[in-house]
Each structure stands twice: as C-alpha cells, then as structure tokens.
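Please read this briefing alongside the sequence and the model. The points are grouped by topic.

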Amino acid sequence: MMPRTTPCSAVALLFVCLFLLSGCATPLGVNAVSPRKAYQEAYANPLNAGVLSDQAKFVLNRYDLLQKFDKEPAAALAALHEKALHDDRGDILYTLAEGSYLYGSRLIDSYFAEEQKLAPDYFLLSALYSFYFVTGERDRQQLNIFDHRSRNAVDMYNFSLWQGFATGDDEGLVLKAAERKLPFGSISISLDTSRFPWKMEEFEKFLPADKYKVRGVSVRNRTAGVGLPLIALRKKTGKGFSGGQASPVTAVLRVQGGLAALNAGTARASLLLFSTQDTSTVNDAKGNAIPLESDLTTPMVYKLEGSQLFDLGLSAFLGREPNKIPDGLYLTEPYRPGKIPVVFVHGTASNPVWWVEMFNTLRFDPLIREKYQFWYFVYTSNKAVAMSAAELRDALREKVAALDPQGTDSALQQMVVAGHSQGGLLTKFTAVDTGEKLVQVVTGKTLDSMEMSEENKARVSRLLIIKPLPFVKTVVFLSTPHRGSFQSKVWNRNLVRSLVSLPAKLVHNSMEMFDYMTDDVKKALGGKVMITSADSMSPDNPVLKTLAEIPLAPGVKGHSIIAVKGDGDPKLGDDGVVKYTSAHLEGMASEFIVKSGHSSQLNPLAIDEMRRILVENVANPPVQRAISK
C-alpha cells in the first residue's frame, strides 16, 4: 500500500523531479563559453553591446538603482548624479557616463519626437562625465593603463560628441557657441578655431566620419586618441573634383569647471577644431601632448562617392563623352606653404582615382603628412604625348606662380612628379633639356631653317624644345614605356584611330604638322595624319626613342618602379603592357622591380617604395641647380 502524501510533500517532490530533469542546473552556477564569447561578455558596454558594463552595474547596485535604471533610467541617473555631488569615488562618474550614453541611445530609438529631442543632451552629459572621469577630477580615483574603463570612457567621450552636437535638422553637426541646458545642470560652450587653419565660412558642413563605412580601399587609416573625427566639406568653388574638397578634422571639447560647476550652471567648455592633416596632438590642462583621434581615409572616400572622376576612363579616352572635369592641376587639400608638392600623373584611359590607394597609404605616414602635399594632374589621355606633356608643364608653371608669386616658399621648389604609364612619359618632359633634338628627329631640320609661320614655330617649340622646370627636383616613373609599349603595334594603333574622336582643333593641328615630318616619321605613323597617344607610345616612334636617351637635367633625381609579371628573369619580362627593357632607364638614382601587372601604383610594395623615395628625399634633398633660360 502506497503511503499517502500531503500537499507540501507533493510540492517538494515536484521540485526534486524538476531538478533532476534539468540536468542538475542550479540557480547559481557557470556555463562554459568560447574565448571570443568570454571576451564579449567581460567587456560588454553601451558602445559595443548596447548594455551596461559590469563595473557600471556594480555602482548602480551599490545604491539600489540597478533595477530602477531598467524601468526609470532618467530618475536613476538623477539620483546617481546627486550621489556624485557628495561622494568622491570616481567610479560614479564612469557609471554616469555609461548610463547617460545608453539612455541617449534609447531616446534616439523612441517613437516620440519629444523624447528624441532629449537624446543630444544626454549624450553631451556622457561626454562631460567621461571627461571628468578620465581627467581624474576625483581624488580617490586611481586609473592605470590596464583599466578598460579608461579607453571606454575616451570612446564614449568621442562618440558622445558626435551625437551630442547633432542638434540640427540635417546630417551635419552644429558646431557653434551655445548655452546648453542639460537634465542636470547647464554649460556654456564657445567655439575655438584658433588652431584651425581655415575660416569656418569656407565650409558647407561637418559630418562625423564614423557614421560611414568605407569601401574600395584596402585599409581605413585611423589613429586612436581623443576627439571626434569629422569630414569637413568645403563649399564648392568651381567645376572639377577639387571643388568642395573634404578635409580630415577632429573636434575636441575642453571643459573648465567640475561636476559642481556643471550642476550650478557655471561650467564652461571650448569646442576646439583641428586639421588632422597638419596636427596630431592636443595639449591637456597640464601641457601634456595627447594624441588626437583621426580618420584620414573617410573624408577622401566620401568625396569620391559619385564623383565624375569615374567617367574619366575608357569613354573619355575614346572621346565619346563630354569632358565633364576640365583638364588641369588639382589639389587634394587647400595649399599649405612649407609642404613639398607630390604631383600624380595618371596613365592612358585612366584617372586620378587609380592613385587613391597610394595616396591613402602615404598620407597616413606622419612624416609624409608633415612634409608633403598631394596634387593630381588630369588630362585627356588620347592626345599625342607631347601635347599632354606641354599642358602639364604649363599647368605646373601657372600653379606655382599663382600660389607663390614672390617665390618665398622653398617647398614649392622641391616638387616631386610621379607618373604611371603614359603619365611617366609626361613626367619626363618636365625634367629634361632636349635642345632641338626632338625637332630634328621629327622634321630633319632645325626650327629656324623650317619655312613655317611664326605661330607654327611657337607651337613646335612648345611641344618639342623642352627646358626642365626649375622647381621639379625629383621624378618617379611607374611602369613607364620609355621605349614604347609592345601593345601599341600597328593594328592596335589603327584600331584606336578608328575608335578615338579627337577635337577638330587637334586634328587640324596634326594635319598642319604632318607636312613637316620626315618620311621615316610618316612611315612610323602609318601614313596617318591624326596622331594619338597610341602612336606616341609606339616602339617605332623616333621621338620616343630619342627622348629615352636624353638624360635627366642636372640636379634632378630619377627613380624607376618597374612591374614584371611571373617568376622568370625580370629583365626578360613585362607587365602585360610594357617590357622591362622599355621601362628601364640608365642613370636613375634607384630602380625597384615589383611583381605586378601594369597597374603597379596599386601594389603595396610599390607604394612602400614610393614612401622610401619620399623619406629619402626629405633626408637628402636634391641639390639646387641653375637653369639657363
């Protein structure tokens, strides 16, 4: 006979059964997790997981505010703020920073517009609490480099500035003097542009760089520090991709007055702006240099989104579309006296976008960023090389004269010109003294002995009698067909001629010049009067052969970066377009062979070689030379 059970014993038996069925799980215990999960759990915070950290929960629990924060976050933060006014433990400030940031994030996601409008004030509070915590306002606060709260607080400060100044109606931040009345206290904020090299009215808007995910480049170059990285969009000043440049800027909020002053409404703060192209640190209250948080890649890529530069490819080479961006010289940033220009010259059917990978890498180097500024030359690459080269020389002379009419900037006299493929041929035309060698090889005569109009003589002189530009001191050739490209065979050139549409003026000029050419030159051109860049880069072109043998002018350093595909003897190889024997030049200061296809400017090893050249150029600048006129 089974014993009778009372109601109480039945309940107890039920709990025993549930305990056994649950695999011996108890209310207290542990579960095994992976190292990745363990790290995520240990260091979860409002920024990376949208939750309070264990350290913040500890403080809230100390004051029996943990559950209250879940249900009434504003009331819990108000109570903790009051505690902080009378308790000098620094961990309260850190918890207020986390709690304000997390509550601000919830307010942004609210369905109610009035609650959304409160979010910037809580984010600004988070920035202020983070500032107080990191700068050690509390005597009993002791931080060390192993305390994760230190970096977390800096990150909250940086990201809180983004959302704390998002008080306008559009995506840009409102960076101006303001009186901010906050849920707890108030603060007067001034705008300090004394370290900002430009005028605020030159800019259209300021965008948080971290708002955007970058695509299309290998690396997003950032530096860790303090401050909010910004994309500073300049107002458009003209046609072309330099109109409306995007500059990397960092904003820092420096606070005067502690928590008590904030609560009393007497705290002050300065919002400082820095160009991180020029500055990498900010001094704290004690004069110590603190690294600035920066993002040098996003402003550049942001400006290229939807850029007309991408139209300057094959269609532009064939002349099938209007030239939306005028040929010419463009600066990637406002001119900075004292920085040496590096001028990138693209190749055939190409555009400046192909230099972005190199530009992105080089500009991240602190020494390069300090010493150099980067320019691009845009040209219609279907024209004869000599014509495009003349346009490059004219553009460089005009730009130097416009930027430095008095000749006081010595950095402009140390210019570096780097050309890829056809751009390398244009580059050589900046740094040689040809005399009348090119005229004679084309016409078989000297300029004075030819019977032609003075206008035509001037045109021939501009194209073929070259004097080195006195301010070009270093040239770099990348995958350059100094002796022509084996791809520019007769059938290829005929195909190009059938596809390319040149402006009527250029065709007319070519027809006029054709009559003065020697029979050998006419034969090399296939008897065609329309001269394209494909003809210019033919291995049969006598002008190219002659130019290859002309050395660089005295005082000019030359460097070759030669691409070769495959694993064989590089001197017997090619990059798919240019043979080593065509790219090689005697008398160069250096020659670097990289295993790559023709687009060597994208290769990381070639980019690092370019960096080496620029660093060496600073350490051992080329000797000044006198140029005969």
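Strand β16 (residues 557-564) and strand β17 (residues 590-595) run parallel and are joined by six bridges. Helices (H or I, at least four residues) and strands (E, at least two) are DSSP runs, numbered from the N terminus, and two strands pair if DSSP finds at least two bridges between them. This is a predicted model, in which local features need pLDDT of at least 70 and side-chain atom pairs count only at pLDDT 80 or more, while totals for chains, interfaces and linings use all residues. Residues are numbered from 1 along each chain as its sequence is written, and side-chain values use heavy atoms, with hydrogens and water left out.

**Strand β16 and its partners**

- Isoleucine 562 has isoleucine 593, in β17, as its bridge partner.
- Strand β15 (residues 472-478) also pairs with β16, in the parallel sense and over five bridges.
- Strand β16 is largely enclosed by the rest of the structure, because seven of its eight residues are buried (buried means under 20% relative accessible area, exposed over 50%, partly exposed in between, with a 1.4 Å probe and protein chains only).

**The seven-stranded sheet**

- Seven strands make up an open sheet with mixed pairing, in the order β11-β13-β12-β14-β15-β16-β17.
- The edges are β11 (328-331) and β17; each has a single partner strand, so one side of each is left without a neighbour in the sheet.
- On average, neighbouring strands of this sheet are turned by 20° against each other, direction ignored (axes are lines fitted to C-alpha atoms, for helices over the stretch in contact, and angles run from 0 to 180 degrees between N-to-C directions).
- Strand β13 (residues 372-378) pairs with β11 in the antiparallel sense over four bridges.
- In that pairing, the bridge partner of glycine 328 is valine 378, in β13.

- In strand β5 (residues 228-234), seven of the seven residues are buried.
- In a regular strand the side chains alternate between the two faces of the sheet.
- From β5, Leu228, Leu230, Ala232 and Arg234 point one way, while Pro229, Ile231 and Leu233 point the other way; all are buried.
- Strand β3 (residues 203-208) pairs with β5 over five bridges in the antiparallel sense, and phenylalanine 206 has alanine 232 of β5 as its bridge partner.
- Strand β6 (residues 246-256) and β5 run antiparallel and are joined by six bridges, with alanine 246 of β6 as the bridge partner of leucine 233.

**Other covered parts**

- Helix α12 (residues 356-364) is mostly covered, with seven of its nine residues buried.
- Those buried residues of α12 are Val356, Glu357, Met358, Phe359, Asn360, Leu362 and Arg363.
- Glycine 484 lies in the loop between β15 and α18 (490-499).
- Glycine 484 counts as buried because its relative accessibility is 4%.
- Glycine 484 and valine 577 are 93 residues apart along the chain, and their C-alpha atoms are separated by 9.5 Å.

**Confidence**

- The protein has a mean pLDDT of 84, and 82% of its residues reach 70 or more (pLDDT is the predictor's confidence in each residue, from 0 to 100).
- The pLDDT is below 50 over residues 490-508, a stretch with 39 contacts in the model beyond near neighbours in sequence (contact means heavy atoms within 4.5 Å).
- Over residues 625-629 the pLDDT stays under 50, and the model has twelve contacts for them beyond four places in sequence.
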